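Hi,

Here is the structure I promised to pass along. My notes on it follow below.

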Amino acid sequence: MKRLCPYLLALMLCCQSLNAGGGSFLQRFHPGIEWGFSPMPAEYHHYNYLDQSIGFRINDKGWSYPCHLNAFILAGVSFDLSPRIDIAVLSGYQGISVQRRTVPLIGRVSYYFCGKEKDGFLVFGDAGLFLSKNQKYGRQTEAGAGYMLTLAPHCSLVFRIGGRVVYDRPDVWDPIEEEYISARNIKRNDAWYYALNLGVGLYF
């Protein structure tokens, strides 16, 4: 029993210190919601598939410029690593291309030049995965800048603008048969979408 006393005392001290700092620790978490638009000026694709109607393998690649406008809405929580740096995890619903809707899971790091207690500019970078309606996974990255406007001691409005690159494996459309190519006949279906994200977030 005497041997256990030092360990029990150390455990009690650790629990006491955690309880004492619990309030300040929880205050470093900030739930929030973000929404905005994503103009997509360009995309690149590389498809390689067997076209059954003509019996040849097709290698189709190139750029297109659809100028399509997507939208997104995300919810998540950020955590203050320091007075000027936070990390966040977000998920929600977003469009990435024409008729392509996804559910993303995004991790983000932000740096606030004036700290999070006052108005000021920021830079950020994020990366994540997403799941589309055909149960295929893709990935995306984004980097940009923004401005934080403090509304109250625990409420801020954050405006962001960033460049986003998305990698996807969409279904391949056959223009001859006017139907989608069967998955067993597809050797490659890579697509990259380039977009400009314009968003605003409300954090508490």
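**Notes on the model**

The side chain of H30 makes a 2.7 Å polar contact with the side chain of D80 (a pair of N or O atoms within 3.5 Å, where within protein one must be able to donate a hydrogen and the other to accept it, and residues adjacent in sequence count only if both atoms are side-chain atoms).

Before going on: this is a predicted model, where local features need pLDDT of at least 70 and side-chain atom pairs pLDDT 80 or more, while totals for chains, interfaces and linings use all residues. Residues are numbered from 1 along each chain as its sequence is written, and side-chain values use heavy atoms, with hydrogens and water left out.

Back to H30: it sits in strand β1, residues 29–40 (strands are DSSP runs of E, at least two residues, numbered from the N terminus). With 14% relative accessibility, H30 is buried (under 20% relative accessible area; exposed is over 50%, with a 1.4 Å probe and protein chains only). Beyond neighbours within four places in sequence, the contacts of H30 (heavy atoms within 4.5 Å) include K116, Y203 and F204.

Most residues other than glycine have a negative phi. C67, not a glycine, has a positive phi of about 50°; C67 is in the loop between β3 (56–64) and β4 (68–80) and is exposed at 60%. Q99, also not a glycine, has a positive phi near 60°; Q99 lies in the loop between β5 and β6 and is exposed at 59%.

Finally, F121 is in strand β7 and is exposed, at 54% relative accessible area.

Cheers

Notes: Helices (H or I, at least four residues) and strands (E, at least two) are DSSP runs, numbered from the N terminus.
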